[in-house]
Amino acid sequence: MKQINVGLIGYKFMGKAHSHAYKDVGMFFDLPAQPVMKALCGRDEAGVKEAAAKFGWESYETSWEALLQREDIDLVDITAPSDAHREIVEAAAQAGKHVFCEKPLALNLEDSVAMWRAAEKAGIKHMVGFNYRRVPAVQLAKRLIDEGAIGEIRHFRGTYLQDFIVDPDFPLVWRLKREIAGSGPLGDLASHLIDIAHFLVGDIGEVIGMEKTFIKERQIPSSMTGLSATSKGGAMGKVTVEDATNFLFQFDNGALGSIEASRMCPGRKNYQTFEINGSEGSLSFSFERMNELEFFSRSDASYAQGFRTIQVTEPEHAYVEAWWPPGHVIGYEHTFIHEVKDLIEAIAADKMPQPSFADGVKCQAVVDSVIESAKTRRWVEVPKVTL
Ligand code: SOE
């Protein structure tokens, strides 16, 4: 069987999620090519060596430059923070390696466009890690919308709320620094909902937004991984991204949208929801109940109308047949396995994976427009970018 040799950059939270996906995807899906876990890359040799052994990687590298020089790497998967994305993608494209890059694609629109153009010029395959598209319930929402089940869409309403930084003593991790993350919950959380809005409703034409940083200084961390960190007191640093963002938007097709994303909502751990209202019905999703989709149809008899809860665990639902019998639900980590399955299939078929960097650029255009709107306190037209 054809092999696709993978090099993964990063071994913390996303690196672990992606490693798990490469390791298990072949157990559940019959793939046209086998992903081979060739090398894990990280700057701390002790840390990456231990993770490589634990996660099942054949080898490790301590620099992405060394990884890209290897002839036995076909696909580079980037889970490093956003400030490293452009440099690595441009080098990977130059080296003729396919690229899977975590979201948000870049620090800003300019960098994302340069990455997209470099990848297209090199003729490599490229995908962005908007994993929530691959929740079976989100795929069912797409199917019902495409079948006209809710008619003409008028509203998209999304929220993405977390609370891991609500404690003022939580340290200044990289996600709170603009030069590394590009933005706060706008790029980290709302980017997922922007991508889902594009996927389910259509292109976004103009936005108006506001943002707020409630806690402006935090302690410099002594250690951090994923969404946790420690500090031993001492020096303080400036928070340079927003803690919360709210924005309204109009789709090109006339529908209205709103998204709120915040990390300051006690009790909301990874609370991602959206509701879509159409002329004939509504769909409502919450990631906390990721195996369910709420569906209201005006065509139901009036005495029997109401939001019905669809258990998205039937074999005819996207990806589900590969897992368990009906009712045996799946979780967050399965969305990464679905991403890897689709990525491997696309590369093996010489097709562009979706969402590609073109979708990452579309998302970044909205993110940058919201930032500009919050600064200028006016509506901002979202630029349409072509190659
Ligand atoms: C942190 O906010 C985070 O890990 C995001 O970066 C991920 O994209 C999201 O899936 C979970 O929360």
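Student: If helices (H or I, at least four residues) and strands (E, at least two) are DSSP runs, numbered from the N terminus, which helix gives the largest share of the shell around the ligand?
Tutor: That is helix α8, residues 185–200, which contributes 3 residues to the shell. Please keep in mind that this is a predicted model, where local features need pLDDT of at least 70 and side-chain atom pairs count only at pLDDT 80 or more, while totals for chains, interfaces and linings use all residues. Residues are numbered from 1 along each chain as its sequence is written, and side-chain values use heavy atoms, without hydrogens or water.

Student: OK, and which residues surround the ligand?
Tutor: With a heavy atom within 4 Å as the criterion, the ligand is surrounded by Phe-13, Lys-103, Tyr-132, Tyr-160, Gln-162, Arg-175, Asp-188, Leu-189, His-192, Leu-227, Asn-270 and Tyr-332.

Student: Where does the ligand lie relative to the domains?
Tutor: The ligand lies between domain 1 (2–132) and domain 2 (135–353 + 364–375), because both give residues to its shell; those bounds come from an automatic or database domain assignment.

Student: Switching topic, where are the cis peptide bonds?
Tutor: One runs from Lys-103 to Pro-104, with omega near -15 degrees, and Pro-104 belongs to the loop between β5 (98–101) and α5 (109–122). Another joins Gln-354 and Pro-355, with omega about -5 degrees, and Pro-355 is in the loop between α9 (332–348) and α10 (357–376).

Student: What about phi at Tyr-319?
Tutor: Although Tyr-319 is not a glycine, its phi is positive, about 75 degrees, and this residue is in the loop between β18 (308–311) and α9. Most residues other than glycine have a negative phi, and most peptide bonds are trans.
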